[in-house]
Amino acid sequence: MATSSTATPQATVYGYPRQGAGRELKKAIEGYWAGRVSAESLRTTAAALRRDTWRRLADAGVQEVPAGDFSLYDHVLDATVALGAIPARHRAAVEADPLDGYFAMARGTQEAAPLEMTKWFDTNYHYLVPELGPDTVFAANPAKLVGELREAVALGHSARPVLLGPLTYLLLAKPAPGVAADFRPVTLLDRLLPVYAELLSDLRAAGAEWVQLDEPALVQDRTPAELNTAARVYRELGVLADRPKILVATYFDRAGEALPVLAKAPIEGVGLDFTGPGAANLADLASVGGLPGKRLVAGVVDGRNIWINDLEKSLATLATLLGLADRVDVAASCSLLHVPLDAAAERDLDPQVARWLAFARQKTTEITTLARGLREGTFAIGAELAANRAGLASRAASALTHDPAVRARAAATAAEDAHRAQAYPERAVAQRARLGLPLLPTTTIGSFPQTTDLRTARADLRAGRIDDGGYRDRMRAEVREVIAYQEKAGLDVLVHGEPERNDMVQYFAERLTGYLATQHGWVQSYGTRYVRPPVLAGDISRPHPMTVDWYRYAQDLTDRPVKGMLTGPVTMLAWSFVRDDQPVADTARQVALALRDEVQDLEAAGAAVIQVDEPALRETLPLRAADRPGYLGWATESFRLSTSGVRADTQIHTHMCYAEFGEIMAAIDELDADVISLEAARSHMQVAHELAGAGYPREVGPGVYDIHSPRVPSTAEAVELLRKGLAAIPAERLWVNPDCGLKTRGWPETRSSLEHLVAAARQVRQELTDSPAG
């Protein structure tokens, strides 16, 4: 089934944003959960969004559209359903109602915990982790893939079904609860491959010419055994007689050692990323002799950032690739799921700046322009090339991107500025004396529910229906309520609840120079949770204090310590669209120095506890081990630079959530935070044992309340988790807290859950006091 060498270059994409221009999908799903929207209405909305996406792609010049990449919650969860790998605790719900059962796996119910959630490679997208074990039985469920393929074909589109590849699926999976921790899901390959064969046959029967199997796990460091497994997977799938042509898509980095495996496999197409670290694929491809007889889908447009592409540079790359494959098609580096929908909707941006930006629709145009230039020659896209050159030149010459004072300060920073003056043991004594906290102190991570009233007040301020004073009064009323509730609930270290913050990154970005805010730049983080990452376009500084007045107001309401709350420099970068015109380490240092000013102002205002959140430290870890030391060096230094200017008795906290921490234990230690809080509820305190195994010497708050589920954990559940935590971390170094901020939760479940959390802490505290060892 080799492709023709005369095939002309086409434009395609791996996937596309799902939400719709007005986030129609989010509204329909949340309406369904609330009982306001019927299942049929939800399906109608979803079908309309798919139809609109395919039409827009085709109108832009995309000759082959993806089908099956659309998801009501998560594409990895969709793969779990397609493969029949439903966890035992959710099977009855799925059998009774597939839609409700699907959402139960994602969100949990009062009777059954959800699947664990973690970050998708090094992006800010979250996926639901498959749970597998020796008893797992796979069964093909082609309904979604076949149904969406038929939808697209009926509308006149050439469509390519998209499914997570078998190797990546198994490598992402974890042992199911109750299964031995050393169980390796990849040992289930013999059971899984026949199910993929059946799905491929069903798709062929439904009219698929090509199918896309996503294998991003192949861009990570893989063992020889794993590479042999990859060769076996595509050898066995490749020789199937009844299947579509197979395109194996890799992205986020270079394919490296997996490239010769794919080159030799009996498949018809390979997708490679040629942006960022993936640029190394160009030389690697030449070194293996190219992909003779195969289709190459060349990801030359960055699918993860929002800056316009250098079209002439991409054309040069494509021209080189023409000699390295039988057919070269043009695409983004990965699914466009990771960028907002349409930059043209950003009418409030300076037009000079707006021309630097490319969201999903603009990237699609760049892809089709490059494909046309490859087919017809550069003269055919002369006007587009001229406009592109002007946009790139405008950005390079802008005063926004260069502030001499910021650059001078960063250059003058000394190594000692990134280290506390006292070692942790000395600091711990001073902090305990100052704070006077009980054993197993309780706290929350920072945010409290963002209610409809708060969102309405924010909308009223934007619309001019209330002024700044009216808005501030409304937020202060919320702070009073949050402080009073925490005192009543019995929490030991309080927070002001962050009612004034629209987002933990955007709030600060709006108060720092060099950042730009969008109005419609929504990107899916997980499920129906969408964020608007700010655009880090220029040099960063802090003109004025950003949180000090809110801290002072909250602290004046209580005698208990209130935490100052900031977002750390790595997360400020990771959850923004970051400038790509200077080394990211330089940008991190600028952000760290701006935050250092804020930390010192909070301390001067009386804050004894200051939390600088770094949930993105692990997710931003480079996918290749060789690139990690450099990243961790500047990442940990930037955190310390922001926090090291305080006294010994000021306690620095940090927070991380929903990531695999085992690989960065040394880096967590390098942060030198006095207290770290981490997600632990869904993973059953795994991280506490990882920290203990690594000899982590400071205080730890492993979460006992999973805030990404609407279920309310009982006191008994929290007690059980605390006991597991105590098996790893001594009581004098263990804190009690939720997994993450409470922004997405409602007040009723928040009250109940926190009251159970406090009750659990008191019960275990009493047990420790009553025990002979206590």
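Colleague: How many bridges join strand E15 (residues 535-541) to E17, and do these strands run parallel or antiparallel?

Modeller: Two bridges join E15 to E17, and the two strands run parallel; strands pair if DSSP finds at least two bridges between them, and helices (H or I, at least four residues) and strands (E, at least two) are DSSP runs, numbered from the N terminus. In E17, Phe577 is the bridge partner of Val535. Before going on, please keep in mind that this is a predicted model, in which local features need pLDDT of at least 70 and side-chain atom pairs count only at pLDDT 80 or more, while totals for chains, interfaces and linings use all residues. Residues are numbered from 1 along each chain as its sequence is written, and side-chain values use heavy atoms, with hydrogens and water left out.

Colleague: Which other strands does H23 lie across?

Modeller: H23 (residues 584-604) lies across E16 and strand E18 (609-613), running at about 175° to E16. Those strands are part of an open sheet of five, ordered E16-E18-E19-E20-E21, with parallel pairing. Here strand E16 (563-567) and strand E21 (699-702) are the edges, each with a single partner strand, so one side of each is left without a neighbour in the sheet. Neighbouring strands of this sheet are turned by 20° against each other on average, direction ignored. Four bridges join strand E20 (residues 675-678) to E21, and Leu678 has Pro702 in E21 as its bridge partner.

Colleague: How should I read the two sides of a helix, and which residues of H17 are buried?

Modeller: An α-helix has 3.6 residues a turn, so residues three or four places apart point the same way. In H17 (residues 424-435), the buried residues (under 20% relative accessible area, with exposed over 50%, partly exposed in between, for a 1.4 Å probe and protein chains only) are Tyr424, Arg427, Ala428, Gln431 and Leu435. They cover an arc of only 100° around the axis, taken from the directions from the helix axis to the C-beta atoms, which puts them on the same side of H17. These buried residues pack against E18, strand E19 (651-656) and E21, whereas the face turned away from them carries the exposed residues Pro425, Val429 and Ala433. Gly436, with a positive phi near 60°, follows H17.

Colleague: How many aromatic pairs are there, and what does one look like?

Modeller: A pair of aromatic rings is described by the distance of the centres and the angle of the planes. Rings of Phe, Tyr and Trp (its six-membered ring) pair if their centres lie within 6.5 Å, and planes under 30 degrees apart count as stacked, over 60 as edge-to-face and the rest as tilted. By this rule the count comes to 14 aromatic pairs. Phe448 and Tyr485 form an edge-to-face pair, 6.5 Å centre to centre with 65° between the planes. Phe448 lies in the loop between H17 and helix H18 (452-463) and Tyr485 in helix H19 (residues 468-489), so the pair ties together parts that are 37 residues apart in sequence.

Conventions. Axes are lines fitted to C-alpha atoms, for helices over the stretch in contact, and angles run from 0 to 180 degrees between N-to-C directions. Contact means heavy atoms within 4.5 Å. The expected span of a helix is 1.5 Å times one less than its number of residues.
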